[in-house]
Every structure is written in C-alpha cells, then in structure tokens.
Amino acid sequence: MKLVDNEHLDNVVGRSFRRGIEGSLWGLGIGGAAALALNKFSPWYRRLTPALKAYSLLIPVIAGMMVIGEGELLTIERENHKVHHEEQMKKRMEEFRRLDAETMAARATAQSRLSENEK
C-alpha cells in the first residue's frame, strides 16, 4: 500500500471541496428554480411552512454536493490507481523475466548434463 504525503492529501481535499461547492451551487440553482415553479403553480406547496420549504431547497443542494464531490473523489482514485497499477505491472514483468531467465538457465543446465551423461 502506498503512503501518501500531506501535499497529496491537501490536493485531494482541495479538489473534492471545490467540486463539492460547485455541486451545491448546481443543486441550489436547480432546487431554487423548482421551488419558485412550485410556489407559483402549486397551492399545496404555498401552504407549507417556511422550514419545510427551506428543507425542500436544501435536499438538492446536499445531493448535488455529494454527487459531484464524490465524482471528483472517484476521478482522483482512478488516477492514483492507474499510476499504482502501472508500477505493479512493471514489477511483475521484471519478476517474470527474472524467473523466466532462471528457468531457461536451469533447463539448459539440465539438458547439458543429460547430454553429457548420454556420452
């Protein structure tokens, strides 16, 4: 498992925070437009208390923050996984080549011993 430094963590937190704020603004825009439309056209919405109206506006804000912020975290995770995967594949290929060379050398040695014994 790769250890991360504080600079990397600050970068991840900063990126996810910025995208979370962006998502909350999208949610505020969508929720605000929906609240205005509901307030204009729906008599049952107009009868709600201000606390419930605020709550109905808060739901899309939180949803937008969670969805877009989490999407950024997934993007960061994929970037780090790609780098880690490439490093692991290089190590595995080096190990494979070393083992393959040892196997070929052992086979050649065994073949030469076998041919010497036949003579």
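Helices (H or I, at least four residues) are DSSP runs, numbered from the N terminus. Val67 is found in one of them, helix α3, which covers residues 50–118. This is a predicted model, in which local features need pLDDT of at least 70 and side-chain atom pairs count only at pLDDT 80 or more, while totals for chains, interfaces and linings use all residues. Residues are numbered from 1 along each chain as its sequence is written, and side-chain values use heavy atoms, with hydrogens and water left out.

**Helices α1 and α3**

- Helix α3 has 69 residues and spans 99 Å from its first C-alpha to its last, close to the 102 Å expected at 1.5 Å a residue; the expected span is 1.5 Å times one less than the number of residues.
- Helix α1 has 36 residues and reaches 51 Å between its first and last C-alpha, close to the expected 52 Å.
- Buried residues (under 20% relative accessible area, against over 50% for exposed and in between for partly exposed; 1.4 Å probe, protein chains only) occur in α3 at Val61, Gly64, Ile68, Gly69, Glu72 and Ile76.
- These buried residues of α3 pack against α1 (6–41).
- In α1, the buried residues include Val12, Gly14, Ser16, Gly20 and Gly23.
- The buried residues of α1 pack against α2 (43–46) and α3.

**Selected residues of α3**

- Glu72 counts as buried because its relative accessibility is 11%.
- Beyond its neighbours within four places in sequence, Glu72 is in contact (heavy atoms within 4.5 Å) with Arg15, Ser16 and Arg19.
- Thr103 also has its place in helix α3, and its 34% relative accessibility makes it partly exposed.
- Thr103 and Glu79 are 24 residues apart along the chain, and their C-alpha atoms are separated by 36 Å.

**Nonpolar surface patch**

- Tyr55, Leu58, Ile59, Ile62, Met65, Met66 and Val67 form a nonpolar patch on the surface, with about 690 Å² of accessible area together.
- Such a patch joins nonpolar side chains (Val, Leu, Ile, Met, Phe, Trp, Tyr) within 5 Å, from residues with over 30% relative accessible area and no salt bridge; a salt bridge is a side-chain nitrogen of Lys or Arg within 4 Å of a carboxyl oxygen of Asp or Glu.
- Accessible areas come from the Shrake-Rupley method with a 1.4 Å probe, and for residues only the protein chains shown count as cover.
- Val67, a member of this patch, counts as exposed at 61% relative accessibility.

**Aromatic pair**

- One aromatic pair is found in a search of the whole structure.
- Trp44 and Tyr45 form this edge-to-face pair, at 6.1 Å centre to centre with 85° between the planes.
- Rings of Phe, Tyr and Trp (its six-membered ring) pair if their centres lie within 6.5 Å; planes under 30 degrees apart count as stacked, over 60 as edge-to-face and the rest as tilted.
- Tyr45 is buried, with a relative accessible area of 4%.

Notes: Patches are made of residues with over 30% relative accessible area and no salt bridge: like charges are joined within 9 Å, nonpolar side chains (Val, Leu, Ile, Met, Phe, Trp, Tyr) within 5 Å. Helices (H or I, at least four residues) and strands (E, at least two) are DSSP runs, numbered from the N terminus.
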